[in-house]
Protein chains: 2
Amino acid sequence: MPVNFTPATPEQLLPVAGVALGIAEAGIKKADRKDLLVIKLEQGARVAGVFTKNRFCAAPVTVCQEHLAAGNEIRALVVNTGNANAGTGEDGLARTHKTCAELSALLGCEAGQVLPFSTGVIMEPLPVDRIVAGLPRCVADLRPDNWHSAAQAIMTTDIVHKALSKRVDIGGATVTITGIAKGSGMIHPNMATMLGYVATDAKVSQPLVEAAVRYAADRSFNRITVDGDTSTNDSFMLIATGRAAMAEITNPNSAEYEAFRAAVTEVAATLAQAIVRDGEGATKFITVEVNGGADGEECAKVAYAIARSPLVKTAFFASDPNLGRIQAAIGYAGIEDLDVARVKLYLGDVLVSENGGRAASYREEDGQRVMKEAEITVRVELNRGQASTTVWTCDFSYDYVRINADYRS
Amino acid sequence: MPVNFTPATPEQLLPVAGVALGIAEAGIKKADRKDLLVIKLEQGARVAGVFTKNRFCAAPVTVCQEHLAAGNEIRALVVNTGNANAGTGEDGLARTHKTCAELSALLGCEAGQVLPFSTGVIMEPLPVDRIVAGLPRCVADLRPDNWHSAAQAIMTTDIVHKALSKRVDIGGATVTITGIAKGSGMIHPNMATMLGYVATDAKVSQPLVEAAVRYAADRSFNRITVDGDTSTNDSFMLIATGRAAMAEITNPNSAEYEAFRAAVTEVAATLAQAIVRDGEGATKFITVEVNGGADGEECAKVAYAIARSPLVKTAFFASDPNLGRIQAAIGYAGIEDLDVARVKLYLGDVLVSENGGRAASYREEDGQRVMKEAEITVRVELNRGQASTTVWTCDFSYDYVRINADYRS
């Protein structure tokens, strides 16, 4: 079960003015499950996204980027689970275009105003006929209060759905933010088989929606790893419908923009952490905090070396304070001139190593106490600069192997 | 059990003139097991090595590098298992120096002529008193035909010992090469908790012994990965005693040097592959061959992305031709300008993808047939240059988790 995570109820998810959602059971891979989602936007919404950097990116990722780059006003998003439409070449692109064309005909807009997303098995042909057959049912189901079903419809190996709403006061107006996300394996920046959609009624200029989505991604979905595998389909979208009763935010240095960006980031970070909490086989939620680096990049190198190490992650699974494995990961992270004598390593509140070796004050029972908890913070003080980075990961269990050895069968 | 690997018998391991080996049960971590090895060299031997690049390298690695850098004539090597003496700071260095001093007193040489090695748990104090107590027993046991016991004495989580002898004709003389190695977890370049010792009676100049050890390492121990963790203690040593009846090899462009280098590389590669065959929890031996890269570095990036991916490795464990996972790993390997439409992917002799998607000729049963074998070759043709790289890895099984969750307890 997910680590310390209770999925939201339908009542906890707030509608966002200007957004309606419709779900269908299209039988894409399995019968009797929600696997197709349409998100319809009223005119005037602003949309921006960040996408996987995988060179084998999926067909829908390519098409999304084309439609956004063309500056089209986006009127709908369509998401299918059960098939990633990745590693499918020209044929995959044609099937994605067909999905967009069919949905745009149903909604009375252009195909270029639709953003497509897919998640699931890679390298299998997208069953586009089943998707096309399901779209009218999605459209018939469109409702503003459908976020709970939407979160369920995008799940793959997720055990629970991930969704969250938040209300904030920005410049005197009450703004609603609701987000959903999916993902539990192939999770590694830049992002994962991870889809995230955050919508708000805030009124924000297009450049600032774009800036905010990148800012939030770098502090949320780009800071998690389950298995180090960067997926072909990762996408994180921010939608601002502009329906709130407020002046448009256009100044990147304004208090309003900062408040907006902070609220979106908080929602994105909570969703990203939920993905790790529901990581395949996860029994522990681990925060790796690296401070005192010369720059953010070297902090991230150290944090990911720890967070990716199968040896570190199996030690967490075993609740074994095998500190040497963490130390070894710091050592091979790739900081050529690292002075290990200056590095301090903490497990929770316990100083475990300094001066290149075990701390004199360290007692095994203190380490064991921290390791037994379901939430563990590893903190590394590099003592060579002012930069910091935090990443989130989970442990590595028998169930990770079971889930991934069985996924297709 | 190791994949297709039968450990050598005592009779298969040939003595190397000028080398004697002595073993003891020193009780370093467990009772009743060989855990201490002394390799004594006659005067005139040439020794060179390559070591881990981990910044938290172990005390013995630091001391080895000091003793070699000083240009001392090496007269003995000492290896303990059960404790890595890594992450132990100044105290660890002092304990290593004490080991060298005690052995040199027993052998009548200088402490600086001894090379120390340790493998085992990180960040625990080296039980130097037990080592010192065991050294006289090692010295009493010194024999040229002790390679089999030596290979057993350096094991940690290894299921089988790794050892190999080879005779080659170089410039009319018969040269003997015998090597031993250990390692099965924390295996990743640049190298791993991996120790390798190859000795030969060939007569080779010091610069060429140094060149040959680097050449061989780059084609053997630096081309394997079990779990992507680079250890603190990795060391690969080449000893050339010069006892064979031959003229000294001094010319790097001579046929004799090429023959010598090739023979040493073959022994090292067989030992390195044995480490993977005995990788923690391994049920399959996987060769990842990347051709057609612009340079060796980008070939290695792709090969390691595949060889490290937990998703790819669990699919091998499941005998599941989940080709999308391999394709995704190629895509995130870090070649920014990779044209995926030019990439061809083969599983064994089966073309599985081209033109950015599944090959038209591919049938799932062909992929399944290859995946069921115990030895599998993944071949990637990048079609962007002339460079090639091969790495070896194993699959990722329940037993990997079991072994690494239980290792200390």
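**Note on a predicted two-chain model**

1. A59(A), P60(A), T62(A) and V63(A) of helix α1(A) meet G92(A), L93(A), T96(A), H97(A) and C100(A) of helix α2(A). By class, the residues of this contact comprise 5 nonpolar and 4 polar, with no charged residue.

2. The geometry of this pair can be stated as follows. Two packed helices are described by the angle between their axes and the distance between those axes. Helix α1 of chain A spans residues 59-69 and helix α2 of chain A spans residues 89-107; they pack at an angle of about 55 degrees, and their axes are 8 Å apart. Because of that angle, α1(A) is oblique to α2(A); angles of 65 to 115 degrees would count as roughly perpendicular, and those under 35 degrees as roughly parallel. The crossing of α1(A) and α2(A) is right-handed.

3. Turning to the chain as a whole, chain A contains 11 helices and 16 strands. The radius of gyration of chain A is 22 Å, close to the 22 Å that the globule rule gives for 409 residues, so chain A is as compact as a globular protein of that length. Along the principal axes, the C-alpha atoms of chain A fill a box of roughly 70 × 55 × 40 Å.

4. The relation between the chains comes next. Two copies of a chain are related by a rotation about an axis and a shift along it. The same surface serves both copies, since 100% of the contact residues of chain B recur in chain A.

5. The interface itself involves 54 residues of chain B in contact with 54 residues of chain A. On the side of chain B that touches chain A, the elements giving two or more residues are α2 (89-107), α8 (310-317), α9 (323-331), β14 (357-358) and α11 (398-406) of chain B. The largest share of that side, 7 residues, comes from α9(B).

6. As to composition, the side of chain B that touches chain A has 22 nonpolar, 23 polar and 9 charged residues. The contact of α1(A) with α2(A), by comparison, has no charged residues.

Note on methods. Residues are numbered from 1 along each chain as its sequence is written. Chains are lettered from A and ligands numbered from 1 in the order in which they are written. This is a predicted model: local features need pLDDT of at least 70, side-chain atom pairs count only at pLDDT 80 or more; totals for chains, interfaces and linings use all residues. Axes are lines fitted to C-alpha atoms, for helices over the stretch in contact, and angles run from 0 to 180 degrees between N-to-C directions. Helices (H or I, at least four residues) and strands (E, at least two) are DSSP runs, numbered from the N terminus. Angles under 35 degrees count as roughly parallel, over 145 as roughly antiparallel, 65 to 115 as roughly perpendicular and the rest as oblique. A crossing is left-handed if the near helix is turned anticlockwise from the far one by less than a right angle, and right-handed if clockwise. Two residues are in contact if their C-beta atoms, placed from the backbone, lie within 7 Å. Ala, Val, Leu, Ile, Met, Phe, Trp, Tyr, Cys and Pro count as nonpolar, Asp, Glu, Lys and Arg as charged, and the others, Gly among them, as polar. The radius of gyration is taken over C-alpha atoms; the globule rule is 2.2 Å times the number of residues to the power 0.38.
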